[in-house]
Amino acid sequence: MGSTRPISILPFFSGSRYDVGAMQRSMRILGIESSCDETAASVVEAVVRNSKIVQLAALSNVVASQVKIHAKTGGVVPEVAARQHVEAIIPVVQQALREAEPRKEKREQSRMIDAIAVTRGPGLITSLRVGVDTARTLASVWKKPLVAVNHLEGHIYANWLATSKPIQFPVLALIVSGGHTELVLMRRHLDYRIIGATRDDAAGEAFDKVAKILRLGYPGGPAVSKCAARGNPQAVAFPRPMIDSQDFDFSFAGLKTAVLYYCRDFKPQTSHLKPDVCASFEQAVVDVLVAKTIRAAKKYKVKTVLVGGGVAANRRLRDELGRAVRDTLPTTYYLLPAAEYTGDNAAMIAAAGAFRAAAKDFTLWQEIEADPNLSL
Ligand code: KG4
Ligand code: ZN
């Protein structure tokens with residue numbers, strides 16, 4: 001079970017939880033995430049001034065990863081994942097509470113929570129149900145309000161944990177995960193317009209499949225990226241699917257097939273060519289993501305470009321999108337989540353949950369339902 005150290009609380013925070021004079025108070029959200037193969041819990045503190053969240057900080061961020069278990073099968077077996085969630089969820093929640101308030105007794109630790117936020121979807125239904133049922137039970141026993149969060153909005157709100165400056169709207173969010181590749185326009189908080197999405201494979205999925213082709217192991221994205229660091233990104237001219245199409249959609253299935261055919265013909269699996277194939281594939285994905293994101297940012301005149309999801313950990317993507325924003329949109333703010341908030345975690349769910357709680361968007365524990373196909 002991994003966790004990050006608690007981040008110290010904000011300099012301007014008064015110390016009392018409610019400071020009526022300054023119309024400022026703090027709110028603590030317990031986040032729970034179990035949509036795929038990470039069981040996660042986190043306590044996030046939000047500072048609310050004049051009904052607006054002005055700062056967020058993660059007091060704990062605990063993730064129990066199932067990577068080693070799924071590595072044996074080369075992918076997530078839903079039944080196995082759900083069983084792992086059932087075993088891990090209570091210890092993970094307990095650890096998140098303990099790390100957020102180490103000096104308090106167990107009973108006191110739950111009292112400091114103002115609301116519980118949980119991922120309701122999208123994801124694997126058997127995995128989602130574990131988190132949702134745990135959150136629902138805790139909400140009813142502790143008598144706390146419950147907030148239902150979309151996993152993808154969590155990936156977007158991971159960026160709010162990255163800065164103490166106010167984020168300016170309109171925001172363009174590039175979501176790149178194992179199941180999704182989407183460009184999302186936000187004109188205000190919690191308001192999402194999907195302006196582009198993948199027509200077939202998600203970016204992360206393409207990384208995972210290429211890792212399988214090249215026998216690089218599981219999880220694929222980090223393995224391909226590590227191997228790519230030693231390769232020449234210009235070595236193989238893989239296609240850049242849909243890079244010139246006037247919409248903001250993506251398609252990565254053809255690129256993956258191009259890698260498959262190249263490997264069938266040249267067998268880089270067993271040769272020194274492997275890093276070159278990885279680097280060339282990675283460059284093709286990044287070129288498409290960067291080109292479409294920049295075009296959308298220009299069209300919608302956004303003030304902020306941000307990235308979320310597991311593929312946001314990719315160094316080439318982080319650097320090249322940053323460079324493109326700086327070079328072509330110098331007044332646009334570019335934001336990235338910290339490495340620990342790129343993959344699935346519960347701090348991002350608590351962060352999004354804080355904004356929903358501030359907007360009083362609660363769900364009754366009797367009514368919350370996991371939805372594997374939930375869209376933004
Ligand atoms: O957001 P995430 O943790 O889970 C989903 O919501 O799907 O994303 C996981 C995806 C996987 O496909 C994984 O291979 C990919 O993110 N990934 C990466 C990197 N780290 C994780 N892809 C490319 N480069 C990376 N460094
Ligand atoms: Zn995710």
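Helices (H or I, at least four residues) and strands (E, at least two) are DSSP runs, numbered from the N terminus. The structure is a predicted model, in which local features need pLDDT of at least 70, side-chain atom pairs count only at pLDDT 80 or more, and totals for chains, interfaces and linings use all residues. Residues are numbered from 1 along each chain as its sequence is written, chains are lettered from A and ligands numbered from 1 in the order in which they are written, and side-chain values use heavy atoms, with hydrogens and water left out.

Backbone geometry is taken first. Ser51 sits in the loop between E4 and E5. Its phi is positive, near 65°, in a residue other than glycine. Ser51 has a relative accessible area of 62% and is therefore exposed. Exposed means over 50% relative accessible area, buried under 20%, and partly exposed in between (1.4 Å probe, protein chains only). Asn50 belongs to the loop between strand E4 (38-49) and strand E5 (52-65). Asn50 is not a glycine either, yet its phi is positive, about 50°. Its relative accessibility is 48%, so Asn50 counts as partly exposed. A positive phi, near 50°, is also found at Arg215, which follows H6.

Two cis peptide bonds are described here. One joins Phe169 and Pro170, with omega about 0°. Pro170 lies in the loop between H5 and strand E8 (171-176). The other runs from Tyr218 to Pro219, with omega near 0°. Pro219 is placed in the loop between helix H6 (203-213) and H7.

The metal site comes next. His151 (NE2), His155 (NE2) and Asp344 (OD) coordinate the zinc ion (ligand 2) at 2.0 to 2.1 Å. Donors are N, O and S atoms within 2.8 Å of the metal (3.2 Å for Na, K and Ca); water is not among the atoms, so sites may look incomplete. The sequence spacing of the donor residues is H-x3-H-x188-D. The site links distant parts of the chain: His151 is in helix H5 (residues 151-157), and Asp344 is in the loop between strand E12 (333-335) and helix H11 (347-358), 193 residues apart. Both His151 and Asp344 are buried.

Axes are lines fitted to C-alpha atoms, for helices over the stretch in contact, and angles run from 0 to 180 degrees between N-to-C directions. Angles under 35 degrees count as roughly parallel, over 145 as roughly antiparallel, 65 to 115 as roughly perpendicular and the rest as oblique. A crossing is left-handed if the near helix is turned anticlockwise from the far one by less than a right angle, and right-handed if clockwise. Contact means heavy atoms within 4.5 Å.

In H6, the residues Ala203, Gly204, Ala206, Phe207, Val210, Ala211 and Ile213 are buried. The buried residues of H6 pack against E8, strand E9 (181-186), H7, helix H8 (253-266) and H9. H6 and H7 have axes 7 Å apart and pack at an angle of about 70°. H6 is therefore roughly perpendicular to H7. The crossing of H6 past H7 is left-handed. Phe207, Asp208, Val210 and Ala211 of H6 touch Gly220, Gly221 and Val224 of H7. By class, this contact has four nonpolar, two polar and one charged residues. Ala, Val, Leu, Ile, Met, Phe, Trp, Tyr, Cys and Pro count as nonpolar, Asp, Glu, Lys and Arg as charged, and the others, Gly among them, as polar.

Helix H7 (residues 220-228) also meets helix H9 (residues 274-299). Their axes come within 7 Å and cross at roughly 110°. H7 and H9 are therefore roughly perpendicular to each other. H7 passes H9 in a left-handed crossing. On the H7 side, Val224, Ser225, Cys227 and Ala228 make the contact; on the H9 side, Lys274, Pro275, Cys278, Ala279, Phe281 and Glu282 do. The contact of H7 with H9 has seven nonpolar, one polar and two charged residues.

H9 packs with helix H10 (residues 315-328) at about 35°, with axes 9 Å apart. The crossing of H9 and H10 is right-handed. Residues of H9 in this contact include Ala279, Val286, Leu289, Val290 and Ile294, and those of H10 include Arg316, Leu317, Leu321 and Val325. By class, the contact of H9 with H10 has nine nonpolar, three polar and five charged residues.
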